[in-house]
Amino acid sequence: MPKSMLIAPDEVFRPGAIHFNDIPVNAYSQTPAEERSRFSAEDLVHIWRDMCAIREFETALNEIKTKGAYKGVAYNHAGPAHLSIGQEAAAVGMAFSLTPQDHIFGSHRSHGEILAKGLAAIRRLGDDELEHVMRAYRDGAVLAPVEKSYSGSVSELAQRFFVYGAYSEIFARETGFNRGLGGSMHAFFTAFGIYPNNAIVGGSGSIAPGAALFKRVNRRPGIVVANIGDASFSCGPVWEGVTFAAMDQYRTLWDESIGGGLPIVFNCMNNFYGMGGQPEGETTGMGSIARFGAGVNPDQMHAEVINGYNPLAVIDAFERSRVTLEAGHGPVLLDTLTYRYSGHSPSDASSYRSREEVEQWEAADCIESFRSNVVGGGAVSESTLEEERAAVEQLVFDMFCLAVDEEASPRIQAGSEMVGSVMFSNGRVEQFDERAPELLADLAENPRVTQIAGKVRTAVLDGEPVPKLKLYNVRDAIFEALLHRFAIDPTMVAFGEENRDWGGAFGVYRGLTEALPYHRLFNAPISEAAIVGAAVGYAMEGGRAVAELMYSDFVGRAGDEIFNQLSKWQAMSAGVLSMPVVLRISVGAKYGAQHSQDWTALMHHIPGLKVVYPVTPYDAKGMMNSALVGTDPVVFLESQKLYDMGELFQPGGVPEGYYEVELGQPSVKRAGSDLTIVTLGPALYTAIEAAEQLSADFGVSAEVIDLRAAVPIDYAPLVDSLRKTGNLVCVSEAVERGSVMQTVAADLTQLCFDDLEAPPVIVGARNWITPAAELESLFFPQSSWLLDAIHERVLPLAGYQPLTSPTNGELIRRARLGI
Ligand SMILES: Cc1ncc(C[n+]2csc(CCOP(=O)(O)OP(=O)(O)O)c2C)c(N)n1
Ligand SMILES: [Mg+2]
């Protein structure tokens, strides 16, 4: 069912002009006295108190980093401390009107944002809810030390709990929100609507839109705020995240009931500096970050510049933004002007700015000017503010002392396997929500389903190869697994480039357009970072996402999202978050150097990803089924050469019903007794060809085992095979240097040293660019290369004339040349 938006030349070529609207700058001008109907005295005291809490929290960190002690308590903090002293009004103003259902994401300088949001959430939650959150969170591990030394109100206990959890996390204590595995730059606490903060600046720019997407698709209340520094607005993933969040389709193609544009505020915490460089006037040409919005959509993202030194101006902007977002007119861009007096980090000598400038901002300090406004307007007395300040400073100091106490707040024990235990969640979730999945039509009548029903589920029938049009293939197998899960898990969405009417980059999704509404399957912009980042954000919120990258070679475009985000958040959260994302990546061929490289090794190298590469229809369906019921990030590699491949190995062909193939289990595809050939990816078929020739021409019986996965790997079947054969050849189509097979061969050498008759041989693609289709046989391993290697290095084959020369001398020559 293609969308029907006609592109008419008459319309396209009509003369005209594109107009830009004015961008409001510091439009808010109310005083606290004038805002008495909007803010009660109690509200103003809360704003004051929260700003003072942040100042105290950050001052303590600054003192221990620069002087080694705070208020007489000595402490050596080894980790980072990117402080936001000066930025308190921007943080508190941002958080004041947010509810726990509103979710914030941020970056390395986020302590203030976290505190402001947590304290605001505590005020909005009742005692029972707070009790529940604190006791349930990590079975009360964070609460226990706090509770021991306190017996006051639940609300204050919650404030203590929260400040303590944050400090403990920063100091890498077991009692931190994430057992100290997140640390200063990543601290978060989802029960209060605080989502992961990112040490990769701008990292939240591509992730937060996925959270907003989750809210729309699953009709959840609340808005999302991505707090991003001014210098980080130049990061590619921020731009990609913004364009992803601003797509027309939310309003033009998606069902109206979904709610329109994504409910997200991109909030620039604009302190006028990166570390030492200045975005405005030096490293950007925008003049104002708010101008960024003008290029995004005709609404200019409702961008405005706001005075982040006045918390009431920030609150006002956020309240108006919520109205815009709830009306479906998101995204919104706020350029919140502020300033940090503290250095970028405590080692910062502030050589990039003048003393005079800092003094001017200190004179205009946001906390002090708020005090004069509030007291001057008669809203609250000076003494009330001072009492509140003293009380909150004491609270923060008490929690600081508790968090640095080695006994009350221990670290993970030496030798503990805890970090290893949270690298994967290894869960199993049939559906992440109870509601019925939204489907457009009866799946039994789906054109692709009926087409597949007429296919033969094995490659050979009655001794004859099944004709291509009748053959059930890898593409069909992946489709069946996806459709199965789409019909069970209502949260499951799939997106990527050309995913809908085109049918997915290589036709795997053909038929899904007829089955699924737009919000469950949609075309993304050509923004690989946003595609993967949004999947990460979607999963953090509790949904299942399938993202597609057209070619393995495009992994670089989503490098941070795959290598730092998708892979790391489960462990950085100490198991609080799960990451049910399947990242489908097609591995190309015939398209030359930038479209035909197998990058498995890169994904395999990064801890925290499951990396699988099935190459038969049976394995593809069973492994996709396993990936889609799991809770871990699975990089699911698919070979473009093999999408049309039928099932050659599984007796009886590919079952019609549901089954799973465990991820990480190698599969013996051909039994043998003289030699073990281990494969990963399409090289399975090359190895089978070589094994047939070895048997027919040389009487050598080769066992061929397909790893099917690079991470995890169960070595047991490989060890069993080597005990029997004593000879090992490893082959894949990745370039040989640094390949997965190098690791596998090294591990098997350790495991089977006494059984091996010769050192293992690794056959991979050459350490070159992938050449043109016509030249690929020079690059990818051929079955003759396997025979050459076996003859030369493992088992001499009587009368065999090698075509290539895989000798020691050749190995040394190539390594010396780096090729
Ligand atoms: C991708 C990435 N590049 C560079 C850095 C190093 N770095 C840390 S903070 C920073 C400056 C960020 O400036 P801005 O976005 O304005 O945030 P601010 O520090 O001012 O809050 C840089 C360059 C990083 N952490 N991540
Ligand atoms: Mg900055």
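At what angle do the axes of helix H3 (residues 88–96) and helix H12 (residues 311–326) cross? The two axes cross at roughly 35° and come within 7 Å; axes are lines fitted to C-alpha atoms, for helices over the stretch in contact, with angles from 0 to 180 degrees between N-to-C directions. Helices (H or I, at least four residues) and strands (E, at least two) are DSSP runs numbered from the N terminus.

This is a predicted model in which local features need pLDDT of at least 70 and side-chain atom pairs count only at pLDDT 80 or more. Residues are numbered from 1 along each chain as its sequence is written, and side-chain values use heavy atoms, without hydrogens and water.

In the contact of H3 with H12 (heavy atoms within 4.5 Å), H3 contributes Ala-89, Ala-90, Gly-93, Met-94 and Phe-96, while H12 contributes Pro-311, Val-314, Ile-315 and Phe-318.

An open sheet of mixed pairing has seven strands in the order S12-S11-S13-S14-S16-S15-S20; two strands pair if DSSP finds at least two bridges between them. Its edge strands are S12 (521–523) and S20 (709–711). S20 pairs with S15 (residues 610–612) in the antiparallel sense over two bridges, and Val-611 stands opposite Val-711 in S20.

The structure holds zero disulfides (cysteine sulfur atoms within 2.5 Å).

| Cysteine | Nearest cysteine sulfur | Distance |
|---|---|---|
| Cys-401 | Cys-52 | 19 Å |
| Cys-752 | Cys-730 | 11 Å |

Cys-752 counts as buried because its relative accessibility is 1%, buried meaning under 20% relative accessible area, exposed over 50% and partly exposed in between (1.4 Å probe, protein chains only). Cys-401, at 25%, counts as partly exposed.

Terms used:
Chains are lettered from A and ligands numbered from 1 in the order in which they are written.
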